[in-house]
Amino acid sequence: MEMITNVSEYEVIAKEKLPKMVYDYYASGAEDQWTLKENRNAFSRILFRPRILIDVSKIDMMTTILGFRISMPIMVAPTGMQKMAHPEGECATARAASDAGTIMILSSYANSSVEEVASTGSGIRFFQLYVHKDRNLVAQLVRRAERAGFKAIALTADTPRLGRREADIKNRFTLPPYLTLKNFEGLDLGKIDKTDDSGLASYVANQIDQSLSWKDVKWLQTITSLPILVKGVLTAEDTKLAIEAGATGIIVSNHGARQLDYVPATIMALEEVVKAAQGKVPVFLDGGVRRGTDVFKALALGASGIFIGRPVVFALAVDGEAGVRKVLQMLHDELELTMALSGCRSLKEITRNQVVADWDHPRVLPRL
């Protein structure tokens, strides 16, 4: 295999390697996929203002997230059904994240259970939660995650219904018969049936609670003492409501552009959320991060850290645990280099002054 020199190259190889239905499931976005492209393109509208002649012989990338010390502000986002990419699935990802000294969020819709992921060894892990109609089931899942040593709950709040993912509809997406949604296996909910469109969309329509509201964030706090991150926030209004509801942190996310098309790129929405949070809770970002330069830009705009999703599953598909480890290492090294070339020796030195965005100086239209 030719030497891989950046994160995006894994996707090219994964596309050749994976069955079309699986690749499309991981890669595609909703409807016109405008937001999918925008999640990447928006980063190119932010440029650096590097400082020179600063001693950058020592660079410190360590940070603390919800009280946990990690090696870098780059973490693993929840992505479902990872055994479609590689037989070891989420367990391989968990080992790679732990080796990298960073946090992994496990998806509710994983092919490996919370117990199986916990058994891979030590590591800081959060559990991503979809709230099902059956609240006893939800409480049971949360308790299992707690018992398995997971340290926080990431509540996905942008999915009362599944976005229209036309690739999945065309492919009549379903989970391969040899796999299950392992966390639901003993509850007769582990299988996704084949339908005339997307089997996942039908599954979500039948299972997910469309009445989910802010009061449920408070309800979650009655069944767990774990910190709760609200994932899927894009506006100042929802930031304030999340904080009022007792959220410990916010993840600025558009669900990898898989839900509502024509929402802004997450990097575009980030500053609005950071300003509204007023430092009361940490704000994180996922969506479109493929370079260490992207990570730096998100930190400069106020993120406490970022999560990567697709790069993990594509690297997993290409080279298993070693692939995920390499992706995390490449982003670590690129961020370190960006910091050195920008004159930043620690994460706290990455400030808004280090970047200029094209929306900082809106063009004034000439008078006619």
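Analyst: Two strands pair if DSSP finds at least two bridges between them, and strands (E, at least two residues) and helices (H or I, at least four) are themselves DSSP runs, numbered from the N terminus. The structure is a predicted model, in which local features need pLDDT of at least 70 and side-chain atom pairs count only at pLDDT 80 or more, whereas totals for chains, interfaces and linings use all residues. Residues are numbered from 1 along each chain as its sequence is written, and side-chain values use heavy atoms, with hydrogens and water left out.

User: Which strand does strand 7 join by 4 bridges?

Analyst: That strand is strand 8, which runs parallel to strand 7, and in it Lys-231 stands opposite Thr-156.

User: Which way do the residues of strand 7 point, and are they buried or exposed?

Analyst: From strand 7 (residues 153–156), Ile-153 and Leu-155 point one way and Ala-154 and Thr-156 the other, and all are buried, that is, under 20% relative accessible area, where exposed is over 50% and partly exposed is in between (1.4 Å probe, protein chains only). In a regular strand the side chains alternate between the two faces of the sheet. In the chain as a whole, buried residues make up 56% of the 368 residues.

User: Why is Ile-169 called partly exposed?

Analyst: Ile-169, which lies in helix 7 (residues 166–171), has a relative accessibility of 25%, and this value falls between the two cut-offs, so the residue counts as partly exposed.

User: What makes the phi of Glu-31 stand out?

Analyst: Glu-31 is not a glycine, yet its phi is positive, at about 45°. Most residues other than glycine have a negative phi. Glu-31 lies in the loop between helix 2 and helix 3 and is partly exposed at 41% relative accessible area.

User: How do you know how compact the chain is?

Analyst: The chain, with its 13 helices and 12 strands, has a radius of gyration of 20 Å, close to the 21 Å from the globule rule for 368 residues, so it is as compact as a globular protein of that length. The radius is taken over C-alpha atoms, and the rule is 2.2 Å times the number of residues to the power 0.38.

User: What is the space in the largest pocket, and how is a pocket defined?

Analyst: On a 1 Å grid over the protein atoms alone, a pocket is an open set of points where a 1.4 Å probe fits, with protein on both sides within 12 Å along at least five of seven lines, and lining residues have an atom within 4 Å of a point. The largest pocket holds about 750 Å³, the volume being the space filled by probe spheres set on points joined across faces, edges and corners. Its lining has 43 residues, with Tyr-26, His-255, Gly-256, Arg-258 and Arg-310 nearest the centre, and helix 2 gives the most, 4 residues.
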